[in-house]
Amino acid sequence: MTILHSGIKQVVATSMIAFLVSCGSEPKKVENAVDSTALVQDSQILDAVEDLFGKLPKPSAIPNLIVLTGAEYESKLLNPASNAEKVMGNSSKAAFSVGVFSADVGYMAAYDKGQEAVQTFVIGKKLADKIGVSSAFDSSVLERIEKNLAQKDSLITISDASIANSSGILKANDQIKDAALLTAGAFVEGLYLTCGLIHDYPPTGLPKVEQDKILVPLVNAVIKQEGALSSLIELLQKVNDNDDVVTSIIAGLEKSKAIYAKANWAERIANNKGDLIPTENDIKDLAKSIAELRKGMVE
């Protein structure tokens, strides 16, 4: 159990004790009981959110796999800097976009694009200031990135740490919804990049069957995100306070979840006798769904 959890539960206990010794009238008793119940519920939600965060992949997980397949770097897939201004006025979209830009930094780092990573980091910092996590993107972190431009592993570590720190700061400040949105942005961007690279993978001159085999690790990476996607939906449902942006993201993720369910990949893979080669065609509907969701959030 984290210090954060212990602190909240201590507040819950203290509040309940205060209620027991200070209630002077029946109306006051009911009011305090409601407050205490709300605090207990908040603590339970925080525990659930903490657990779900742990199930989601790091921003760098997919970019590292992409590199191993030999896929070429595709800058056109990244979120344009100009989109930052478009979402600046909406704190929920800003939080989502911080996650998107963080995933982009991880992707750039995986391809040794240090200078581009710095520029994107700076853009992400502006949005981080908007939602209150500027300390996770402060000048000291930027200096670390600049000093490690030629060190891919260091850049990836810094990228993962920045988004982890952001989530921690938001949760500590009771900004659980923003933390969930940030994580959602990083997750969606990872899927979007992977699907885009599968679609844009250059011809190798090999027969199609052989080229499909090259892409199997990437396609499998997309297929294996079904569990994480379900966890993300659950997380967002727990923190949704009738926010139109969160509701829209949940709807988009539910659409993608339905595509996973219809494809029944988990069972097909489990029953695979060695003749199943997942291809781009298997994930084309999912890729379209993720692209639509992402577009609606970053513009």
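Worked exercises on helix packing, the nonpolar core and selected residues follow.

This is a predicted model, in which local features need pLDDT of at least 70 and side-chain atom pairs count only at pLDDT 80 or more, while totals for chains, interfaces and linings use all residues. Residues are numbered from 1 along each chain as its sequence is written, and side-chain values use heavy atoms, with hydrogens and water left out.

**Exercise 1. Classify the packing of α11 against α12.**

Step 1. Locate the helices. α11 covers residues 226-239 and α12 covers residues 244-263. Helices here are DSSP runs (H or I, at least four residues), numbered from the N terminus.

Step 2. Take the geometry. The two axes come within 10 Å and cross at roughly 150°. Axes are lines fitted to C-alpha atoms over the stretch in contact, and angles run from 0 to 180 degrees between N-to-C directions.

Step 3. Assign the class. Angles under 35 degrees count as roughly parallel, over 145 as roughly antiparallel, 65 to 115 as roughly perpendicular and the rest as oblique. α11 and α12 are therefore roughly antiparallel to each other.

Step 4. List the contact (heavy atoms within 4.5 Å). On α11, the contact is made by Glu226, Leu229, Ser230, Leu232, Ile233, Leu236 and Gln237. On α12, Val246, Ile249, Ile250, Leu253, Glu254, Ser256, Lys257, Tyr260 and Ala261 take part.

Step 5. Sort these residues. There are 10 nonpolar, 3 polar and 3 charged. Ala, Val, Leu, Ile, Met, Phe, Trp, Tyr, Cys and Pro count as nonpolar, Asp, Glu, Lys and Arg as charged, and the others, Gly among them, as polar.

**Exercise 2. Find the residues that touch the most other members of the largest nonpolar core.**

Step 1. Define the set. A nonpolar core consists of buried Ala, Val, Leu, Ile, Met, Phe, Trp, Tyr and Cys residues joined through side-chain atoms within 4.5 Å.

Step 2. Read off the residues. The largest core has 63 residues, and Phe96, Val222, Leu236, Ile249, Leu253 and Ile283 touch the most other members.

Step 3. Assign helices. Those supplying at least two residues each include α5 (91-110), α9 (176-200), α11, α12 and α14. α9 gives the most, with 13 residues.

Step 4. Inspect Leu253. Not counting residues up to four places away in sequence, Leu253 touches Val188, Leu229, Leu232, Ile233, Leu236 and Leu293.

**Exercise 3. Is Ser289 buried or exposed?**

Step 1. Ser289 lies in helix α14 (residues 280-298).

Step 2. Its relative accessible area is 4%, so Ser289 is buried. Buried means under 20%, exposed over 50%, and partly exposed in between (1.4 Å probe, protein chains only).

Step 3. Leaving aside neighbours within four places in sequence, Ser289 is in contact with Gly252, Lys255, Ser256 and Ile259.

**Exercise 4. Describe the backbone and exposure of Asn242 and Asn264.**

Step 1. Recall the background. Most residues other than glycine have a negative phi.

Step 2. Take Asn242. Its phi is near 65°, a positive value. Asn242 sits in the loop between α11 and α12. At 71% relative accessibility, Asn242 counts as exposed.

Step 3. Take Asn264. Its phi is also positive, about 55°. Asn264 sits in the loop between α12 and α13 (265-270). Its relative accessible area is 32%, so Asn264 is partly exposed.
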